[in-house]
Amino acid sequence: GSEETALSASQFYTDMGDTKRAIDVLKALSDDDQTSRTESQLGKTYDQQKDVKNAIAAYKKALDLEPDDLDIERKLAADLLADNQTDQALQAWKDIAQGDPSDAEADLQIAEIDEHNGKMDDALAAVKKARELASDSLDVQFHEGMIDDAMGRLDDSAKVYEQLATATAHPSGQYSDEEKGNYATILVHLAEVYREQNRPDQAVAAYDKMATLGGDFQAQAYDQEIETWREAHDYDKALAVARTAVDKLPKSTDAKLTLARQLADTGHADDGINMAKSLLQSDPKDMEVYYQLSQIYTDLRKWKDASDTLDAAEKQATKKEDQTMVLFDRAMMADRAKRYDEAEADFRRVLEAEPENALTLNNFGFMLADRGIKLDEALTMIRKAVQLEPTNYAYLDSLGWTYFRLGQY
């Protein structure tokens, strides 16, 4: 009947890794012997079990017993958000911000939820309030940059990211793994803003800094530099970067595939095809090589070669996701070749296997809308794709085009 004994015993069992007994000893207490400490401890233990719903219930009971305990409400708010109860989480964070006006984390959480809900003005106001409370917080500044970007305030966003990049750069070149990840993330976002501003040189300069981090960061940097120059229609520079990537990363299959695509796109089709084929000779089970080789043939309108490559890929596809990818590539190739019935059949087979495949929903819906047929079905699919990925500009573009086709101006 002693809460103190129960709490001590519960902590003992938790330390032993026996969370079930830790919960049982607390639940054995009668209601009259419990305080908010009991329910709060229950919530923590349920969190350890990844049992979010029971943790939420426990924290709510604890808060009923001690309504002014903001530490409990913080735990509740975090779990509500983890359980996708965003409206309730938002209200909880607002209560916390009101109860503790100095809590920058509460304002940051409010900003993130408002951004998720598309309330960008509210999100910006909340993140600016958090910035006033914690001017040296890199996390707060980073989210301010993200919200500025999402609102189209590109100059403001670039300024925030530039300041962050300067603050997180180490002139010595020595970084911990965590520091590398943070610095790279900032550089990626900064480069993306530059690309939105049509400033490819500045974007590539940001990626160059990222390349100095080595490893996967270097590979990602080269890949994004190539995409940046392609967006700018400067294919010679894209090809030059692809060659540099292969020189710097001679063991990277991805770098060689990218170079093969660039060669094919810049009038050196045979060189690109031969490079991709040589990779298959080294590893005939590498599915990514088949996909990229079929794409090269598709871009060159060599439909039979593309189809034969996908036939070979299908023989190697033992995993469900690889089989689905082969089907998707067949559908895309058939669409490009204007074999629409074949494309539709393959798209439908992909959706049978993966009904939530946003890319397929978008591409299939767009194909129908572009032809002006089955527009209601196209709209349903593209709406679902947008629901799955609300900030994907390509899907929003498809949605606008479909409304136009339907006459819903």
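Predicted model: local features only at pLDDT ≥ 70, side-chain atom pairs only at ≥ 80, totals over all residues.
Residues are numbered from 1 along each chain as its sequence is written, and side-chain values use heavy atoms, with hydrogens and water left out.

Helix α17 (residues 287–299) packs against helix α18 (residues 303–316) at an angle of about 165 degrees, and their axes are 8 Å apart; axes are lines fitted to C-alpha atoms, for helices over the stretch in contact, and angles run from 0 to 180 degrees between N-to-C directions. The two helices, α17 and α18, are therefore roughly antiparallel to each other, on a scale where angles under 35 degrees count as roughly parallel, over 145 as roughly antiparallel, 65 to 115 as roughly perpendicular and the rest as oblique. On the α17 side the contact (heavy atoms within 4.5 Å) is made by Met287, Tyr290, Leu293, Ser294, Tyr297 and Thr298, and on the α18 side the residues include Trp303, Asp305, Thr309, Leu310 and Gln316. By class, this contact of α17 with α18 has 9 nonpolar, 4 polar and 1 charged residues, where Ala, Val, Leu, Ile, Met, Phe, Trp, Tyr, Cys and Pro count as nonpolar, Asp, Glu, Lys and Arg as charged, and the others, Gly among them, as polar.

## Crossing of α22 and α23

The axes of helix α22 (residues 375–388) and helix α23 (residues 393–406) come within 9 Å and cross at roughly 155 degrees, which makes α22 roughly antiparallel to α23. The crossing of α22 with α23 is left-handed. Among the residues that meet here are Leu375, Leu379, Ile382 and Val386 in α22, and Tyr395, Leu399, Tyr403 and Leu406 in α23. The contact of α22 with α23 has 11 nonpolar, 2 polar and 3 charged residues.

## Nonpolar cores

The largest nonpolar core has 37 residues, of which Trp93, Val127 and Ile147 touch the most other members; a nonpolar core is a set of buried Ala, Val, Leu, Ile, Met, Phe, Trp, Tyr and Cys residues joined through side-chain atoms within 4.5 Å. Leaving aside neighbours within four places in sequence, Ile147 is in contact with Ala111, Glu115, Met120, Ala123, Leu124 and Val127. A second, separate core of 24 residues includes Tyr161, Ala184, Ile186 and Tyr194.

Arginine 74 lies in helix α5 (residues 70–82) and is partly exposed, with a relative accessible area of 22%; buried means under 20%, exposed over 50%, and partly exposed in between (1.4 Å probe, protein chains only). Not counting residues up to four places away in sequence, arginine 74 touches Trp93, Ile96, Asp100 and Asp103.

Aspartate 107, found in helix α7 (residues 104–116), is buried, with a relative accessible area of 4%. With residues up to four places away in sequence again not counted, aspartate 107 touches Ala97, Ala126, Lys129, Ala130 and Leu133.

## The chain as a whole

The protein chain has 23 helices and 0 strands, both taken as DSSP runs (H or I, at least four residues, for helices; E, at least two, for strands) numbered from the N terminus. Of the 409 residues of the chain, 44% count as buried.

Technical notes. Left-handed = near helix turned anticlockwise from the far one by under 90°.
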